[in-house]
Amino acid sequence: MSKPLLINGERLWNTLMEHGRIGGTAKGGVCRLALSELDGQGRDLFVHWCKEAGLEVRIDAIGNIFARREGTDPSRPVIAMGSHIDTQPTGGKFDGIYGVMAGLEVLRTLNDKGIQTKAPIEVIAWTNEEGSRFVPVMMGSGVFTGAFTLEHALAATDVDGLAVQDELRKIGYAGEVSPGQVPGGMFGAYFEAHIEQGPVLEAHELTIGVVPGALGQRWYDVVVTGQESHAGTTPMDLRHDALLAASRIVEKVNALGRHFAPYGRGTVGYMQVLPNSRNTIPGTVKFSVDIRALDDGDLLAMEADLKDFIAGLQKADARLQVDMKQVVYFPPCHFDEACIESVRAAAQALGLGHMDVVSGAGHDAVYVADVAPAGMIFVPCKDGISHNEAEDATPEHLAAGAHVLLNAVLKHAS
Ligand code: HGY
Ligand code: MN
Ligand code: MN
Ligand code: MN
């Protein structure tokens, strides 16, 4: 690799800090739920910056934003970069938006240096990567790559019954372009820069994570139905307590994650208790289950074990009803060897300490890897914390990841 080029780290940091004010929280985090008014504002600012950089912007029917810098050879497939603008409710200033702005910084740098690449290059902001307000997770990249249909995604509703289709329109991002269409044919390569969201790089005091792949995931919606009754008059052995049953399932989900260590994960993050009254035994409990593993067989074994456990609960109490519906599934993902090598070579050429780090998180790159060569670049985050307002990263690490992104992309676009 010829002498590596560098992005403008100060401009990248300032861009992230300015963008982070949209949905900024008192604790220093960011709340920009997918397709909310604030997500709309965050999108608008990104589109404004892209147009300022002379990029051609198009929006597809699920609201994915593509900002394109033409190359000298239109027959070459586009080299793409991207991530997401939406956040968790108590999200941080870097999850997702870092990959979008690092991509924009790469194109701003090419403009500064007057570099013309042969292949066109695009930076993409994918719709609803987080899956916090609307399921499925990684929605925009999932529709784009055919993991599920546009209709399925547009019909998804949040807890208040508001639909993706209407919320997209409300913020002005119901695009015309049908998803999956890229002028000049599918991506020649896709790279996503992202904070690691875990503790590995920081523990090893290294700057770049070369990502070989990501854990497989299965998400479920579970409804436990028991019987509401009076907390004072109902003897303990005559109860059909939905919350007691749900908490046993929570315990089991966590035990499954531990059983399939080191990469097994089991989480119940969302729960609704009804009628949610101090002195009424809960009759209905609705909650989420998120299980993950590095091996697809383990993921299946976790599901089978959980279903057995639930059957046992219902056998022990005939009045208890448990309905479990799978809402997300994708197998463990292995990124493209050439993309992985480009990331590693760029880190080496830049003299940046690096190591392989498997992603515990899902990313849009996981779906893109189904249709195009894809790779990821991780940088450390403070204490490995993310999906938390305390999420933090250093300007130096964020710049280093964007230097790697620039040189990996140039290798494929030249
Ligand atoms: O859940 C995840 O892994 C990602 O943050 N959507
Ligand atoms: Mn993310
Ligand atoms: Mn996230
Ligand atoms: Mn993610």
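Reader: In which strand does His-194 lie?

Author: His-194 belongs to strand β5, residues 189-195. A strand is a DSSP run of E (at least two residues), a helix one of H or I (at least four), numbered from the N terminus. This is a predicted model, where local features need pLDDT of at least 70 and side-chain atom pairs count only at pLDDT 80 or more, while totals for chains, interfaces and linings use all residues. Residues are numbered from 1 along each chain as its sequence is written, chains are lettered from A and ligands numbered from 1 in the order written, and side-chain values use heavy atoms, without hydrogens and water.

Reader: Does His-194 count as buried or exposed, and why?

Author: Buried means under 20% relative accessible area, exposed over 50%, and partly exposed in between (1.4 Å probe, protein chains only). His-194 has 1% relative accessibility, so it counts as buried.

Reader: What joins the side chains of His-194 and Asp-95?

Author: A polar contact of 3.0 Å joins them. The term covers a pair of N or O atoms within 3.5 Å; within protein, one must be able to donate a hydrogen and the other to accept it, and residues adjacent in sequence count only if both atoms are side-chain atoms.

Reader: Which residues coordinate the manganese ion (ligand 2), and what makes them donors?

Author: They are His-84 (NE2), Asp-95 (OD) and His-194 (NE2), at 2.0 to 2.3 Å. Donors are N, O and S atoms within 2.8 Å of the metal (3.2 Å for Na, K and Ca), and sites may look incomplete because water is not among the atoms. Along the chain, the donors of the manganese ion (ligand 2) have the spacing H-x10-D-x98-H. His-84 is in strand β3 (residues 79-84) and His-194 in strand β5, so the pair ties together parts that are 110 residues apart in sequence. With 0% relative accessibility, His-84 counts as buried.

Reader: Which protein donors does the manganese ion (ligand 4) have?

Author: Its protein donors are Glu-129 (OE) and Gly-362 (O), lying 2.1 to 2.4 Å from the ion. Glu-129 sits in the loop between β4 (121-126) and α4 (139-144) and Gly-362 in the loop between β16 (354-356) and α11 (364-368), so this pair ties together parts 233 residues apart in sequence. Both Glu-129 and Gly-362 are buried.

Reader: How do you know that Arg-292 makes a polar contact with ligand 1?

Author: An N or O atom in the side chain of Arg-292 is 2.8 Å from an oxygen atom of ligand 1. For Glu-130, a polar side-chain atom lies 3.2 Å from an oxygen atom of ligand 1. For His-387, the distance from a side-chain N or O atom to an oxygen atom of ligand 1 is 3.3 Å.
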